[in-house]
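Please look at the sequence and the 3D structure below before reading on. The text that follows walks through them step by step.

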Amino acid sequence: MSKENTNIPYTAWRERQARLSLVGKLCLSCKAVTFPPRNICSNPDCTEKTRLKEFKLSGKGEIISYTTISNPKYAPEGFDEDFVPYHLVLVKLYEGPILFTRFTDFDPKQKIQEGMKVELITRIWKKNGRKGPIEYGYAVRSIFIPKIL
């Protein structure tokens, strides 16, 4: 019988806009975009680090690096065999932030490549037993751009 932890600290409610709506922060001084959102500008050269406003990201970018996890014993707690093998990618969003996330919704024959165009989507990240909360977060999938002959 598996041990279920239904009393986990749960902060996803406070992070729901970043996780589900892809809302970051735009610095009004230097125009740097921060994601996930913080209350201080991420640009070290910014002179007015607290002049920020919410900013909706496009969710589109390019893969800059990736790796594949094939062994379930190296998967994070809460992942099951349904999630393995899985791909982790570094994605540079067109607005500037770099994210580390999962690559999903792909054909197993598809080759992941640096420079591949992707979009952020919402997916299940972790299941906390049968009675615990299901945590959602962002992942990326390939943007299919058909070639026009």
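In which strand is the place of T34? T34 lies in strand β2. The model in which we look at this residue is a predicted one. T34 has a relative accessible area of 2% and is therefore buried. Leaving aside residues up to four places away in sequence, T34 touches G24, K25, I40, C41, S42 and P97. With S42 there is also a polar contact, in which the two side chains come to 3.0 Å.

The strand that holds T34 belongs to a sheet. This open sheet is built from three strands in the order β2-β1-β3, and their pairing is antiparallel. The edges are taken by β2 (33-34) and β3 (52-56); each has a single partner strand, so one side of each has no neighbour in the sheet. Strand β1, residues 23-27, is joined to β3 by five bridges, and these two strands run antiparallel. On this pairing, C27 is found opposite L52 in β3. As a general point, the strands of a sheet pair through backbone hydrogen bonds, and the pairing can be parallel or antiparallel.

The chain contains one helix and eight strands. Read along the sequence, the pattern is α-β-β-β-β-β-β-β-β. The chain has 149 residues, and 34% of them count as buried. Its accessible surface comes to about 10,100 Å², and carbon and sulfur atoms account for 53% of that surface. Among the contacts with a separation of 6 or more, 51% are between residues 24 or more positions apart.

One of the residues that T34 touches is C41, which raises the matter of cysteines. How many disulfides are there? The count is zero. C30 is in no disulfide, and the nearest cysteine sulfur, that of C41, is 3.6 Å away. C41 is buried, with a relative accessible area of 5%, whereas C30 is partly exposed, with a relative accessible area of 28%.

Next come the aromatic rings. The structure holds one aromatic pair. The ring centres of F35 and Y138 are 5.4 Å apart and the planes stand at 55°, so the pair is tilted. F35 sits in the loop between β2 and β3, while Y138 is in strand β8 (residues 134-142); the pair links distant parts of the chain, 103 residues apart. Are the two residues buried or exposed? Both F35 and Y138 are buried.

β5 pairs with strand β4 (residues 60-69) in the antiparallel sense, over eight bridges. In that pairing, G61 stands opposite L93 of β5. β5 also pairs with strand β6 (residues 98-103), again in the antiparallel sense, over six bridges. The strands β5 and β6 make a hairpin with four residues between them, and in the turn G96 has a positive phi of about 125°. In a regular strand, side chains alternate between the two faces of the sheet.

Is K92 buried, partly exposed or exposed? K92 has a relative accessibility of 40%, so it counts as partly exposed. Which residues does K92 touch, not counting those up to four places away in sequence? They are G61, E62, I64, P97 and I98. P97 is also on the list of residues that T34 touches. Finally, K92 and S65 are 27 residues apart in sequence, and their C-alpha atoms are 9.6 Å apart in space.

Terms used: Residues numbered from 1 in each chain as written. Predicted model: local features only at pLDDT ≥ 70, side-chain atom pairs only at ≥ 80, totals over all residues. Heavy atoms only, no water. Disulfide = S-S within 2.5 Å. Buried < 20%, exposed > 50% of the residue type's maximum accessible area, 1.4 Å probe, protein only. Pairing = 2+ DSSP bridges. Polar contact = N/O pair within 3.5 Å; in protein donor to acceptor, adjacent residues only side chain to side chain. Contact = heavy atoms within 4.5 Å. Areas by Shrake-Rupley, 256 points an atom, 1.4 Å probe, with all protein chains shown as cover. Phe/Tyr/Trp six-rings, centres within 6.5 Å; stacked < 30°, edge-to-face > 60°.
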